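Dear colleague,

Please find below the structure that I am handing over to you. My notes on what was found in it follow.

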Amino acid sequence: MTAAGGAGGRYGEDVFRPDQVGEGERIDFGALAYDDITMARLNALGIGPGWRCLDVGAGTGTVSRRLLEETGVTSVVAVDRDARFLAERSVPGLEVREADITTPGFVSERFRLVHARFVLMHLPEHQRLVTALAERVEPGGVLVLSDAVDLTSDRAPSTPYAVAMRAMWQGLRDTIGTDVSWVPSYPHLLREAGLVPVAAEMHVPPLLPGSPLSRFWADTWERSRASMLATGLVDAAAVDEAVRYLDSEECAALSAGMLTVWGWKPRETQR
């Protein structure tokens, strides 16, 4: 995912630059951890033949391609502010667009499925953006949003992992405005946007040595290391220790949860 926004900075420019070596691989590690969960939910919602879909902040396009290859949807418009990874992996039915979703009218069409994962948490104006995405859903269609929920609260044991995660969240908030504290309000925001019914679920993939998720977090810490150190919550040695901890059998921790919420656009009725 690349998106605009932040506390004076921008995702993809100040942190997680697409031109940085290995950034596509980092995104794919996250996809390996979360794509099966996402696809299970989309399949349960009935996404399939005849559906036109919008995948917002599509990253390397793993969800977009799986929608086309596994569910048989008619088409997917995959949007990202930097579409280099999408353009590298095109498949039939995939339309790639480079656009900033914070810009009004970034797409003009309506879709039966509008999907965004790990996007809005990096952006300001959450309520406006949720409403804007809901407006891109056609009557009878569904909006599906997923974002992270921080499970390394002050009550969690101060393992090397927890210490690094707290510094990461604070550092990203200070530099690019990432804020996951509002994510639990998703169901309410979708209902306020006029969607009904609305439901939500949360999944927490396991942290195992050498797993894609563990590698994702290690790479994420490396790319956000400067902002983590700037918080004063960690030093370089603490970040290195956390990376080693992730890859050891000593690791006993919860990854960030992924909250997914969905809401349906009521069908238009004839007067």
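A charge is said to sit over a ring if NZ of Lys or CZ of Arg is within 6 Å of the ring centre and within 35 degrees of the ring normal. Arg41 lies over the face of Trp262 in this way, at 3.9 Å from the ring centre. Please bear in mind throughout that this is a predicted model.

Aromatic rings

A pair of aromatic rings is described by the distance of the centres and the angle of the planes. The structure holds five aromatic pairs. In one of them, Tyr161 and Trp221, the ring centres are 6.0 Å apart and the planes stand at 50°, so the pair is tilted. Tyr161 belongs to helix α5 (residues 160–176) and Trp221 to helix α7 (residues 212–223), so this pair ties together parts that are 60 residues apart in sequence. Both Tyr161 and Trp221 are buried.

Another pair is formed by Trp182 and Tyr186, with ring centres 5.1 Å apart; their planes are at 80°, so the pair is edge-to-face. Trp182 counts as buried because its relative accessibility is 10%, under the cut-off of 20%. Tyr186 is also buried, with a relative accessibility of 0%.

The largest pocket

Rolling a probe the size of a water molecule over the atoms shows where empty space is left. In this structure, the largest pocket contains about 160 Å³ of space. Which residues line the largest pocket? They are Asp150, Arg166, Trp169, Gln170, Arg173, Thr178, Asp179, Val180 and Ser181. Of the residues in this lining, two are nonpolar, three are polar and four are charged.

Cysteines

How many disulfides does a search of the whole structure find? The search finds zero. Cys53 is buried, with a relative accessible area of 1%, and Cys251 is buried as well, at 14%.

Positions along the chain

Thr71 is part of helix α2 (residues 62–71). Is Thr71 buried or exposed? Its relative accessibility of 9% means that Thr71 counts as buried. Thr71 and Trp182 are 111 residues apart along the chain, and their C-alpha atoms are separated by 32 Å.

Tyr245 is located in helix α9 (residues 236–246) and is buried, with a relative accessible area of 12%. Between Tyr245 and Met258, which are 13 residues apart along the chain, the C-alpha atoms are separated by 22 Å.

Backbone details

Val196 and Pro197 are joined by a cis peptide bond, with omega at about -5°. Pro197 is found in the loop between α6 (186–192) and β6 (198–203).

The loop between β4 (111–117) and α4 (126–135) contains Phe118. Phi of Phe118 is near 55°, which is a positive value in a residue other than glycine. Glu125 is found in the loop between β4 and α4 too, and phi of Glu125 is likewise positive, near 55°. With a relative accessibility of 47%, Glu125 counts as partly exposed, because that category covers values between 20% and 50%.

Yours sincerely,

A colleague

Methods. Residues are numbered from 1 along each chain as its sequence is written. This is a predicted model: local features need pLDDT of at least 70, side-chain atom pairs count only at pLDDT 80 or more; totals for chains, interfaces and linings use all residues. Side-chain values use heavy atoms; hydrogens and water are left out. Rings of Phe, Tyr and Trp (its six-membered ring) pair if their centres lie within 6.5 Å; planes under 30 degrees apart count as stacked, over 60 as edge-to-face and the rest as tilted. Helices (H or I, at least four residues) and strands (E, at least two) are DSSP runs, numbered from the N terminus. Buried means under 20% relative accessible area, exposed over 50%, partly exposed in between (1.4 Å probe, protein chains only). On a 1 Å grid over the protein atoms alone, a cavity is a set of points where a 1.4 Å probe fits but cannot get out, and a pocket is an open set with protein on both sides within 12 Å along at least five of seven lines; lining residues have an atom within 4 Å of a point. Grid points are joined across faces, edges and corners, and a volume is the space filled by probe spheres set on the points. Ala, Val, Leu, Ile, Met, Phe, Trp, Tyr, Cys and Pro count as nonpolar, Asp, Glu, Lys and Arg as charged, and the others, Gly among them, as polar. A disulfide is a pair of cysteine sulfur atoms within 2.5 Å.
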